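User: Please take one part of this model and examine it closely, then say how it sits in the whole. Keep the account plain and define terms as you go.

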Number of protein chains: 2
Amino acid sequence: MNKVKLDPIFRPRSVAIIGASRTPGKVGHILTKNIVESGFTGNIWPINPNTHEVLGLKCHATILDVPEEVDLAVIAIPAIAVSKAAEECGQKGVKALVVVSAGFKEIGRDGALLENRLIEIGKKHGMRIQGPNCLGIIDTATPINLSFAAAMPREGRIGFISQSGALGTAVLDWALQEDLGFHSFVSLGNKADLDEVDFIEAMGEDENVSVILLYLESIEEGRRFLEVASKVVDKKPIVILKGGTSSAGARAAGSHTGALVGSFRAYKTAFEKSGIIMAESVEELFNSAIAFSNQPIPKNEGVAIVTNAGGPGILATDLSERLGLRIASLTSETRNQLREGLPAAASTGNPVDVLGDAKADRYSFAVEKVLRDDHVGSLVVILTPQAMTESMVTAESLLEIHGRFREKPLVAVFMGGEGVEEAQNFLIRKGIPCYDFPEKGMKTLSALYEYARFLKQPVNNPVRFRDINPEKVRKVIDTVRADKRVVLLSHEAASIVEAYGITAPESRIAQTPEEAAAHAKELGFPVVLRILSPDIIHKTDVGGIALNLRTAEDVKSAFEGILASVTRFMPRSRIYGIMVYHMIPRGREMIIGMSHDVQFGPLVMFGLGGIYVNFLKDVSFRLAPLSEPEAREMMEETKAYSLLKGIRGEAPSDIEALKNTILRVGQLVWDFPEIVEMDINPIIVYGWGEGCVALDVKMTLSKDEVK
Amino acid sequence: MNKVKLDPIFRPRSVAIIGASRTPGKVGHILTKNIVESGFTGNIWPINPNTHEVLGLKCHATILDVPEEVDLAVIAIPAIAVSKAAEECGQKGVKALVVVSAGFKEIGRDGALLENRLIEIGKKHGMRIQGPNCLGIIDTATPINLSFAAAMPREGRIGFISQSGALGTAVLDWALQEDLGFHSFVSLGNKADLDEVDFIEAMGEDENVSVILLYLESIEEGRRFLEVASKVVDKKPIVILKGGTSSAGARAAGSHTGALVGSFRAYKTAFEKSGIIMAESVEELFNSAIAFSNQPIPKNEGVAIVTNAGGPGILATDLSERLGLRIASLTSETRNQLREGLPAAASTGNPVDVLGDAKADRYSFAVEKVLRDDHVGSLVVILTPQAMTESMVTAESLLEIHGRFREKPLVAVFMGGEGVEEAQNFLIRKGIPCYDFPEKGMKTLSALYEYARFLKQPVNNPVRFRDINPEKVRKVIDTVRADKRVVLLSHEAASIVEAYGITAPESRIAQTPEEAAAHAKELGFPVVLRILSPDIIHKTDVGGIALNLRTAEDVKSAFEGILASVTRFMPRSRIYGIMVYHMIPRGREMIIGMSHDVQFGPLVMFGLGGIYVNFLKDVSFRLAPLSEPEAREMMEETKAYSLLKGIRGEAPSDIEALKNTILRVGQLVWDFPEIVEMDINPIIVYGWGEGCVALDVKMTLSKDEVK
């Protein structure tokens, strides 16, 4: 559906260039020249009131003068004149605009006004808008080049979406030199209307795109992004390089696009959740792309290495371990065949070392045997130029053999300079990734495996418990709102988690020493008293807590002691009473927390609790709502998990109860998005089958009511 | 001194090629051809009994027939014939051999015998030997090319030592294409005589080498390596790529060179100790080299970035944070100047964005202002090819301006393909590192800063305490040896650490219940009883421990209980008595441990103790002997350090006492290398000024006596 909507951009039948120019070097000239030279077969209509002809094409004063329907208009005139031109496009029935002009949101308040005006015009006429402040679009299949990039890359299967126009064109320039094929390139600009999600959706539906690359500094609507990306990832990999991951980088990104930059943690969690692969550099982004656009997804974890030199084989093996790849152990049959066919000094383990004097035939022999091995899921072939080496013949035979094992990815590392250059280029052109050094080859394989592992995972739906009481939560929240507070009192927070099936210590509010003693008898000794006041946060510091009270007398005198101490330290604090709790036994202290991310919503945290939270930072994160495996993974990812399982002969903790508590927290914060912060610290977990108790719950609501 | 020794290799006056051949493609032909074509000015003497002339040079049957003195002989004949040839070289008075022939230690037992024979011959005649199984040597200054590499790289200031010959030649081939200059290249081969340390020493003394690169799979003598490397690093950086860092990689390295591969942890600790920079890939190795061979060491932490596009600037900023670089905050003076001189839309913070339409003059203006800023220690200039960009003119003016700020390193990132290629090559040739993408540029800068920070550190000598009693340690060790044990009993281990000034709980050995009760009275209640037996390791499991005994009666009955339980569970164990300890109060549980590394000797560990050691692995390492700052760093590197400093209002622990205990352990294991394993777990640390106590000490001696 959306694909049809973006067809006027990727595959227009006719294009108008508003601001077309006869002057070389001017944007309106470059754009006209590029679309003419791209081989675009539809009509091209230059628009410029001051001239009659641009590059041999008849020029009109306004788009309204064009004598036929126009699918797409690209606008390259000063920002102040864009509204009028866009309005005329709307009247003309233009389906989409690519606004190249700068001077909008990115320059501040005045520009933002112009941008809002542009958005309105688009909405009114049902025109989709790319940009403003973008570098245009390329589609090599149409073909069309409506961008600043001088030359189009070769036709290929990579779709590339960039929030930085300059980064995009630099990469296209580099791709041309490396002979790398692209299907399409989109510069997002300010994302006034069309954003990354629209283009991901369009490229997701395009069968000629086999991998989608993105450079993004911000994401506009996190949840919509995840929803669309998750669907697309089922069909083809998405690789993202996220700019602005550091605090300083985010500041730079802020000044660059004026968009809100979410926390890196939330981005990472979100990308992992939807199976998106994160690249750490431009180079990694493209190395993955090369592999994904031509190589199959490996079916089997075993990586084999064939090399003619020991050192590079060792480096490749080291990297496998660092990247979490598994070196295949070859079958004894393969090893026997290799032993028979290779010289005695060759190494027939994995890496298979065919020795420095290996010619193409010896490589072919070893590669064929190794690819035939069922333990092998993918192959790295390393070649160093030595006296006997036949790099070009070896490359050709690699290609031929790989044709018979198309289901196993093949990566080549041909080391050296001129001696191997021809062979390198040959392999890359034929779709086999080929690198100078082992590290890039191994990283590329690792991206293929990351995607393969994701595809193997079942789709897990969020867990929903039925024994919950949302009405009660709503009531508590309403009370707090009525009190004009955003921070909940501890018994309020406790009653909210209890309403979602999480155990909290039973408690009562007492107004007098006698009432406290009566509550204590009902709850059972020993008990704890705690001051109840919206103004007192550090209760211990003002003598607001008394522990381990074993008799009614103790309770009464503690009650008086607390009141006396609190009124002395904080005479102006509002006091709602004193809470009485049954004192619960010791257990392991964990933490379950939650914070609200601007882009992606509630982010649930789990980890080692108590005093260890802040210094060990042994925590894990997932976006709510949570599936059962996600809650399990959250526990397994922490180091504390081995403690929970029971070490040194200690009994295991009630991991099942803990998992359910994590899931219930996920459900609660998903159902009530007004909860923007929450900490259960500690959540005390007992031995297997004995459950866990939320000992202390802190909760904060958003400042604004949530609709 | 050593430099003179290696002169016959790097700068021989005359060279014999034993095994020189007329047949193209043969090793003996390639070597002869390469030395002839390298421009070597000394005499070249081909040796081959079956021919009279090779490449126009007169050929002799044996080296003994050569009518003049020969400095260096390269041997390229079958392994079995090498001894005879080497012996003749010795008789002739040859000063050094480069043995290219393979078929020695690397093929197993028979080869090792031949290699030992070769070593003997070298020793007898005072000939140094490079190899065997090596690819030779190159020195571009001499010039001489005695290697397999077809063409010599351009003359430069990089010295490169490789344990993998093939990796070495591949890199030389690649360097030729990248126009990278080298001073010398050494292939180590089997390191029968000359090893990495000899060549590091030689290159360290050579003023024409400004950076030493190594690819190493093993180090022969760890301590000698550190000693030499530490001295060289004062003068020039050493960058190492270590192969075989993974367990699988180490196995592959093992089969490759037959050398022992030390643990990665020990290597990393050793390299850090001596200021050696570790590269993680071949590319990183060379990126660093390019920078070190031409750029100055930065004097100031602030990194400035000038760019004509936002995205790459953001990526560079992100990388700075990840790599621990500090983005400079420009002075208000610089910012004002930039504001005045740059267009209004430019960003005058750091990164400085000169905008997409910046020509060379705008770059020059910004670069000059930024380099003049005192807050700036180094500069990254990013250029993306846009319509107005003048890449070549910008490159030239960069070079000119940098000439006036030679003390500040400059790294260029010229993104794109053909549009910037000429400018990239120009900058590289002129000694300014220039890359395609920001990540490489930032990594290169990070290596420069790593070295700069190391040079700023004072040299710290190991701490030696005087209040130690080594004689007592010797006596205890002798007793254990006499008992034919390697594992010490707990009171033996405790008395050893006590002899080095570490506090352990006072204890007595009791043979009867009455004796135990008497000891308890002397030590003071409460006490702990613990079975003393070399055969019982898990004492708790067999009822061998009793805690918190408060009266003489309790002690007597506990004594009998322990004996009864132990004799029931382990009737055949030798029982030396029962230990009586004063029970010490609770405190924080830390661990101080030590293990012996094959290459580098005693490696001291510090971290969070008790049950947390195994699952949190919050530990740090240093090689003994330790300096005061090293012991401090060991504590500071752990997350537990924030706990020791006191968090949440808790009192700080006695960090000073802990530091001294770490230092004393370092001194002990350095003085007694026969201690191969040791754990003080837990070492209980108390509040500030209250010291720490080694509660449980385990110690193991080496199987063999140490001379």
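Analyst: Two strands count as paired if DSSP finds at least two bridges between them. Strands (E, at least two residues) and helices (H or I, at least four) are DSSP runs, numbered from the N terminus. The model is predicted, so local features need pLDDT of at least 70 and side-chain atom pairs count only at pLDDT 80 or more, while totals for chains, interfaces and linings use all residues. Residues are numbered from 1 along each chain as its sequence is written, with chains lettered from A and ligands numbered from 1 in the order in which they are written.

The part examined is a sheet in chain B. It is open, has 4 strands in the order S21-S24-S22-S23, and its pairing is antiparallel. Strand S21 (507–510) and strand S23 (545–549) of chain B form the edges, each pairing on one side only. From one strand to the next, the twist averages 20°; axes here are lines fitted to C-alpha atoms, for helices over the stretch in contact, and angles run from 0 to 180 degrees between N-to-C directions.

Strand S22 (residues 527–532) of chain B is joined to S23(B) by 3 bridges in the antiparallel sense.

B:Asn548 is exposed because 11 other C-beta atoms lie within 10 Å (12 or fewer is exposed, 20 or more buried, anything in between partly exposed, with C-beta atoms placed from the backbone).

Most residues other than glycine have a negative phi, and most peptide bonds are trans. Elsewhere in chain B, B:Lys191 also has a positive phi of about 55° without being a glycine. B:Lys191 belongs to the loop between strand S11 (182–187) and helix H6 (196–205) of chain B, and it counts as buried because it has 24 C-beta neighbours inside 10 Å. The peptide bond between B:Gly131 and B:Pro132 is cis, with omega about 0°. B:Pro132 is in the loop between strand S7 (128–130) and strand S8 (136–139) of chain B.

As for the whole, chain B can be laid on chain A by a turn of 180° and a shift of 0.0 Å along the axis, with an RMSD of 0.1 Å. That is the relation of a two-fold axis; the superposition is by least squares on C-alpha atoms of residues with pLDDT of at least 70 in both copies. In chain B, the residue closest to the rotation axis is B:Leu616, at 4.3 Å (C-alpha).

The contact between the chains takes 67 residues from chain B and 67 residues from chain A. On the side of chain B that touches chain A, the largest share, 11 residues, comes from H11(B). That side divides into 29 nonpolar, 27 polar and 11 charged residues; Ala, Val, Leu, Ile, Met, Phe, Trp, Tyr, Cys and Pro count as nonpolar, Asp, Glu, Lys and Arg as charged, and the others, Gly among them, as polar. Because 100% of the interface residues of chain B are also interface residues in chain A, the copies meet through the same surface.

How values were computed:
Two residues are in contact if their C-beta atoms, placed from the backbone, lie within 7 Å.
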